[in-house]
Amino acid sequence: MTSPLFVPPTGHGPDADRDGAERDGAERDGTERDGTERGSVDRRARAANGRIDPVTVLSVFVAILMLLPSRYVVGPLGGAGTPAGLMAVACLLWYLSALITPNTTPVRGRQPLRTVVMFFVVSVLASYAVMHVEPRAALEVNAADRGLILTAGWAGLALLAADGIPRLERLEVLRHRLVTGGSVVATLGLLQFFTGIDIAGYLAVPGLTANADFSSVLRRDEFNRPMATATHPIELGVVLTMLLPLAVHGLLHARPGTVWRHRLQVFLLLATIPMTVSRSAILGMVVAAVVMVPVWPGKVRVVALMVLGCGTVAMQAVVPGLMGTIRNLVTSIGNDSSTTARTDDYGAVLASVTHQPWFGRGLGTYLPQTYRILDNQYLGTAIETGLVGVAALLTLFAAGWLLARGARRASTNPEVRHLAQCFAATVAVAAFSFGTFDAMSFPMVTNLTFLVLGCCAALWRLAREDPAAGLSATAAPGIEPRLTETPGSLPTTPVRPRIASSAEGQYWPKTEPENEPHTEPHTEPHTGLRTGSHTGPHTGPAGVPEGELQRTRRAARRGPRRSAQRTTRGPAKQREGRHRKA
């Protein structure tokens with residue numbers, strides 16, 4: 001009996017090859033088992049599809065990340081004790097437990113993100129080791145320990161998504177659930193903007209405590225700045241901006257009957273992003289547009305421009321003064337107090353980096369209450385994990401971008417190619433936003449970033465395995481590879497089973513013209529079999545002419561009505577032929 005949190009491996013057990021060979025043999029013969037065995041195979045297929053796979057676990061993680069307020073944590077763990085952070089660590093433990101044996105390991109084939117994530121983890125561990133060279137305050141040591149826990153969770157999300165997502169259809173399911181979670185958060189943000197009610201205060205889970213004192217609603221230029229379940233309006237705006245390209249993809253490739261749902265999701269994201277009054281979110285939308293618009297056809301570009309113009313006018317009518325505030329935020333870059341505070345950080349950062357240039361002072365040890373707030377994650381990384389840590393962080397974003405673009409080049413399916421470009425846009429938004437605020441201090445945006453990086457790697461792997469595959473199972477369902485009973489393993493990417501083809505439906509027997517002359521057959525000695533051809537029409541069973549037998553079989557396939565018509569015409573044609581010969 002296996003735990004519901006651990007999935008047996010698919011297609012790599014000791015009996016998997018034998019079972020697959022048996023199925024392939026049955027397919028080649030064009031035969032089927034009896035009804036009882038056929039039903040047992042269908043039940044096994046349904047059981048395989050019903051098991052918990054990494055996409056299911058990551059979907060639960062997305063629900064926890066989006067719906068539970070990030071401010072509430074398990075008290076003794078502090079900032080590392082958010083429910084989403086603890087589940088991310090559990091994802092890493094699950095992933096590592098599957099590496100124990102070759103039969104359960106999800107590591108199959110090349111995956112560049114594994115090397116990049118390992119580089120990032122090693123840089124954090126090196127900074128942690130260097131931190132203990134000098135005496136540190138207890139708060140900084142606790143912060144460094146918390147940083148290790150956070151790093152473990154981030155790595156677990158990226159690796160589980162990169163190696164665990166089995167098919168493109170499951171990746172599409174995860175994308176849909178990400179956008180759905182973002183739409184719910186956007187709805188909470190809209191309610192908070194118009195009512196001023198702190199929605200997150202009513203979503204506290206018993207047993208969790210607030211990590212810090214949060215103001216119920218922040219304000220800027222007389223406007224409420226919603227943060228919904230995030231810890232700050234900037235974080236909410238960046239998260240929604242990262243999810244916007246994925247929502248647009250769902251709208252442009254919506255299935256029949258789901259267009260209005262996708263339109264509502266895009267509307268919620270587009271309406272809530274300006275209401276956060278966040279410069280990072282607005283500029284992030286520009287970055288996403290720069291990546292997405294060049295791959296759209298001209299018609300889509302025109303529609304997007306019209307929607308943007310009409311949306312701006314409608315926003316100005318519904319919330320007077322909001323668009324003017326956002327315009328001032330963008331045009332006053334370099335002159336306002338926020339920009340001046342960011343530029344004043346350069347001197348302090350330079351002094352600290354000069355003291356410990358390579359591995360820094362430890363992740364999370366540059367405490368805002370002790371030193372200063374750095375509104376730039378790259379500067380904070382330079383202080384905490386050194387230049388090596390900055391290189392590792394930049395390599396993560398470069399890997400996500402290149403993997404998404406590589407998936408676009410590898411796939412021949414237009415929908416998969418567009419999804420790859422959307423993931424590239426999401427990575428670009430994250431890379432830009434890390435330079436506008438201290439992103440690693442906010443759990444929602446950081447966890448989402450590493451999850452998206454893992455999705456980019458999974459898309460690259462799956463697109464290379466089957467360039468023509470799509471995001472939905474349009475072919476007839478096949479039987480999944482049989483599952484073994486080894487607990488604690490991750491499902492690996494199964495080989496797509498070849499669907500058994502029916503010889504009756506695909507093969508059309510060739511017939512010879514009736515009136516062509518044939519030579520007389522001869523009888524083989526010892527066997528009594530007649531071979532060769534003869535001058536008269538071929539005869540089948542019971543002396544029925546072969547041409548007539550073939551016409552009768554074709555008519556039976558086409559239906560009783562056409563069968564009756566065809567059988568009545570057959571003898572007439574034969575009589576005409578005999579008359580001409582006479």
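Modeller: Among contacts (heavy atoms within 4.5 Å) in the protein chain between residues at least 6 apart in sequence, 77% join residues at least 24 apart. This is a predicted model, in which local features need pLDDT of at least 70 and side-chain atom pairs count only at pLDDT 80 or more, while totals for chains, interfaces and linings use all residues. Residues are numbered from 1 along each chain as its sequence is written, and side-chain values use heavy atoms, with hydrogens and water left out.

Colleague: How many helices and strands are in the protein chain?

Modeller: The protein chain has 21 helices and six strands. Both are DSSP runs numbered from the N terminus: helices are H or I with at least four residues, strands E with at least two.

Colleague: Why is Ala228 called buried?

Modeller: Buried means under 20% relative accessible area, exposed over 50%, and partly exposed in between, with a 1.4 Å probe and protein chains only. Ala228 has 1% relative accessibility, so Ala228 counts as buried. Ala228 lies in the loop between strand S4 (223-225) and helix H8 (233-252). Its phi is near 50 degrees, a positive value in a residue other than glycine.

Colleague: What makes Val277 buried?

Modeller: Its relative accessible area is 0%, so Val277 is buried. Val277 sits in the loop between helix H9 (259-275) and helix H10 (279-292), and has a positive phi of about 50 degrees although it is not a glycine. In the protein chain, buried residues make up 46% of the 582 residues.

Colleague: Why is H7 called oblique to H17?

Modeller: The axes of helix H7 (residues 168-195) and helix H17 (residues 414-433) come within 13 Å and cross at roughly 45 degrees. Angles under 35 degrees count as roughly parallel, over 145 as roughly antiparallel, 65 to 115 as roughly perpendicular and the rest as oblique. Therefore H7 is oblique to H17.

Colleague: Which residues make the contact of H7 with H17?

Modeller: Leu168, Leu171, Glu172 and Arg175 of H7 and Val416, Leu419 and Phe423 of H17 make the contact. Five of these residues are nonpolar, none polar and two charged.

Colleague: What meets in the contact of H11 with H12?

Modeller: Thr312, Met315 and Gln316 in H11 meet Leu322, Met323 and Gly324 in H12. These residues divide into three nonpolar, three polar and no charged.

Methods
Axes fitted to C-alpha atoms, helices over the stretch in contact; angles between N-to-C directions. Nonpolar A, V, L, I, M, F, W, Y, C, P; charged D, E, K, R; others polar.
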